[in-house]
Amino acid sequence: MKEVIEFLIQNPVQFLATAGLDNKPKVRPFQFMFEYDNKLWFCTGTKKEVYMELQKSPYIELSVLSNNMKWLRISGKVIFSDSEIIKKKIINQNKLVKSIYQTWDNPALTAFYLKDCKAVITDLSGKLSVQYSF
């Protein structure tokens, strides 16, 4: 898990794939927030389409490519949480999120973690491959 977290931190813009409300694939840039309690945490807005998509179909895949052409793919089930601890940590650590939502108790802000994660780190040749489950 440590290698996955380091990869996400070193490559701060990931791409999140969901099943759209129209049942067609949707991909958008996203940002990993942090690891806490052996979980990968993210956040989004409750007014955003991605939130509605995840309510309907909570399974995602996330991918990111590093400058040295290694890439990470993670899949898992989204579990939403309104934990005060998590939302305060997000607001205090991420200037962009704070600029959008202002305070941790803004009802438009929600956090989520990934359950039953599968992660693969590989390079474009497919020769280097490390798999994780957590």
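## Basis and residue classes

In what follows, Ala, Val, Leu, Ile, Met, Phe, Trp, Tyr, Cys and Pro count as nonpolar, Asp, Glu, Lys and Arg as charged, and the others, Gly among them, as polar. The model is predicted: local features need pLDDT of at least 70 and side-chain atom pairs pLDDT 80 or more, while totals for chains, interfaces and linings use all residues. Residues are numbered from 1 along each chain as its sequence is written, and side-chain values use heavy atoms, with hydrogens and water left out.

## Largest pocket

The lining of the largest pocket divides into nine nonpolar, three polar and two charged residues. A pocket here is an open set of points on a 1 Å grid over the protein atoms alone, where a 1.4 Å probe fits, with protein on both sides within 12 Å along at least five of seven lines; lining residues have an atom within 4 Å of a point. The space in this pocket is about 270 Å³, a volume being the space filled by probe spheres set on the points, which are joined across faces, edges and corners.

Of the 14 lining residues, F30, Q31, C43, K48 and L96 lie nearest the centre. Strand 2 (25-30), strand 4 (39-45) and helix 4 (95-101) each supply at least two of the lining residues, and helix 4 has the largest share, four residues. Helices (H or I, at least four residues) and strands (E, at least two) are DSSP runs, numbered from the N terminus.

E53, in helix 2 (residues 49-56), is buried because its relative accessibility is 0%. Buried means under 20% relative accessible area, exposed over 50%, and partly exposed in between (1.4 Å probe, protein chains only). The side chains of E53 and R28 make a polar contact of 2.9 Å. Such a contact is a pair of N or O atoms within 3.5 Å; within protein, one must be able to donate a hydrogen and the other to accept it, and residues adjacent in sequence count only if both atoms are side-chain atoms.

Beyond four places in sequence, E53 is in contact with residues including T18, G20 and K26, where contact means heavy atoms within 4.5 Å. G20 sits in the loop between strand 1 (14-19) and strand 2 and is also buried, at 1%.

## Salt bridges

The whole structure holds six salt bridges, each a side-chain nitrogen of Lys or Arg within 4 Å of a carboxyl oxygen of Asp or Glu. One of them joins D22 and K26 at 3.1 Å. Another joins E61 and R73 at 4.0 Å, N to O; E61 is in strand 5 (residues 59-65) and R73 in strand 6 (residues 70-81), 12 residues apart.
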